[in-house]
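Have a look at the sequence and the structure below, then work through the tasks step by step.

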Amino acid sequence: MAQTKQKPAKTKQQPQPRKSYSGLLLALLVAAFSVLLAIFFGPWSNGSLYSTTNLNETPRPYNVVDIPGKGKGVIATRDITRGELLYKESPLFIVPSQISIPPAELMGKILPTLSKSQRAALFNLSYVRLPPNLSKADHDHDAQLALAITQTNGISAGTRGVGVFPNVSRLNHGCSRAFNAVYNWREKEQKLVVHAIRPIKEGQEILTAYFDTRRPRRERRAYLQEHYDFHCTCAVCSMPDVVSEVSDDRLSQMQNMQNELAQWAQGKIEGDKAIHLINEIWWVGSLEGYWSQRGRLAADAATVALSHSE
Ligand SMILES: C[S@@+](CC[C@H](N)C(=O)[O-])C[C@H]1O[C@@H](n2cnc3c(N)ncnc32)[C@H](O)[C@@H]1O
């Protein structure tokens, strides 16, 4: 998950002051409506709209089990409601985004800072792509192994870099509407939280998305093969070709519109166009069952509307 789970880099578009713009009462209404919808559907990173269950006091609603073809994975032990807080976890360590020494050398410096139990938790995680000729006798064996584990399991810890979270790391991947949980780094608490974005039935696997899956199946599978060494057979990737093509079109459309929307911050498209795009992304997302990032969309709508109001 190194550069990936961190992936949707969630590039925050900074609102640019723009000249006032008439006729945006409608936009404000749309934005207000979007915010209301987001309260019900959107993952918000500050978590204030979510259940405040104290995970230290309540039993966790899932178990980590072996899942054929996937290694370990996480299964719900009861019905989970949308918006429920599932994880709140501190990183074992964070690898900074900018480093000035080779990554394995850095891992060699990080390892001695870990306690025995932290080290055990790290080395218990799965990994792909260990250097092929690496032997246990090699002086940098542990550092190379720690690096491979970090690359497979790392999740973005905001501006600080990529963190390793041994519990959240057990979540397997699903594309588009196949994933039912999202994670967010909470800067203030320096913790990663995971929330359910849709109801999850007892016995169902809890899945997250390792990267922005708004792209066609062929590309998604190629990406997962390259970075995580598996062929994705999630519910969306397993659809018959004819259905998959419709889904691919919708996902690509959403991604293209998202890219176009990003141009508003550069002053390249007008506010009403931006609001139109947000509505369209929302609508196509509903057809696709892709609910992630609705909080972000609603916030974008509010930003656009406010910046154009009198
Ligand atoms: C971050 S780990 C997830 C937990 C891992 N299954 C374990 O046993 O610890 C990522 C690895 O899990 C496996 N994996 C994740 N999602 C999968 C999926 N949908 N199908 C098959 N394997 C998957 C792949 O081997 C991948 O490299």
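**Exercise 1. The sheet.** In which sense do β8 and strand β9 pair, and over how many bridges?

*Solution.* Before starting, note that this is a predicted model, in which local features need pLDDT of at least 70, side-chain atom pairs count only at pLDDT 80 or more, and totals for chains, interfaces and linings use all residues. Residues are numbered from 1 along each chain as its sequence is written.

Step 1: find the elements, remembering that helices (H or I, at least four residues) and strands (E, at least two) are DSSP runs, numbered from the N terminus. Strand β9 covers residues 191-196, and β8 covers 181-186.

Step 2: look at the pairing, which requires that DSSP finds at least two bridges between two strands. β8 and β9 pair in the antiparallel sense over six bridges. Within this pair, R186 stands opposite K191 in β9.

Step 3: widen the view. Three strands form an open, antiparallel sheet in the order β3-β9-β8. Its edge strands, β3 (85-89) and β8, each pair on one side only.

**Exercise 2. Two helices.** At what angle do helix α2 and α4 pack?

*Solution.* Step 1: take the axes, which are lines fitted to C-alpha atoms, for helices over the stretch in contact, with angles from 0 to 180 degrees between N-to-C directions. Helix α2 (residues 103-110) and α4 pack at about 105 degrees, and their axes are 8 Å apart.

Step 1: classify the angle. Angles under 35 degrees count as roughly parallel, over 145 as roughly antiparallel, 65 to 115 as roughly perpendicular and the rest as oblique. α2 and α4 are therefore roughly perpendicular to each other.

Step 2: list the contacts (C-beta atoms, placed from the backbone, within 7 Å). P103, A104, M107 and G108 in α2 meet A143, Q144, A146, L147 and T150 in α4.

**Exercise 3. The ligand.** Which residues come nearest to the ligand?

*Solution.* Step 1: collect the shell, meaning residues whose C-beta atom, placed from the backbone, lies within 6 Å of the molecule. Of the 20 residues around the ligand, G71, K72, S126, N172 and Y228 come nearest.

Step 1: assign elements. β2 (71-76), α4 (141-153) and β7 (172-173) each give two or more residues to this shell. The largest share, three residues, comes from β2.

**Exercise 4. Confidence.** What is the average pLDDT of the protein chain?

*Solution.* pLDDT is the predictor's confidence in each residue, from 0 to 100. The protein chain averages 87, and 81% of the residues score at least 70. Over residues 6-26 the pLDDT is below 50. Where pLDDT is low, the predicted coordinates should not be read in detail.

Methods
Two residues are in contact if their C-beta atoms, placed from the backbone, lie within 7 Å.
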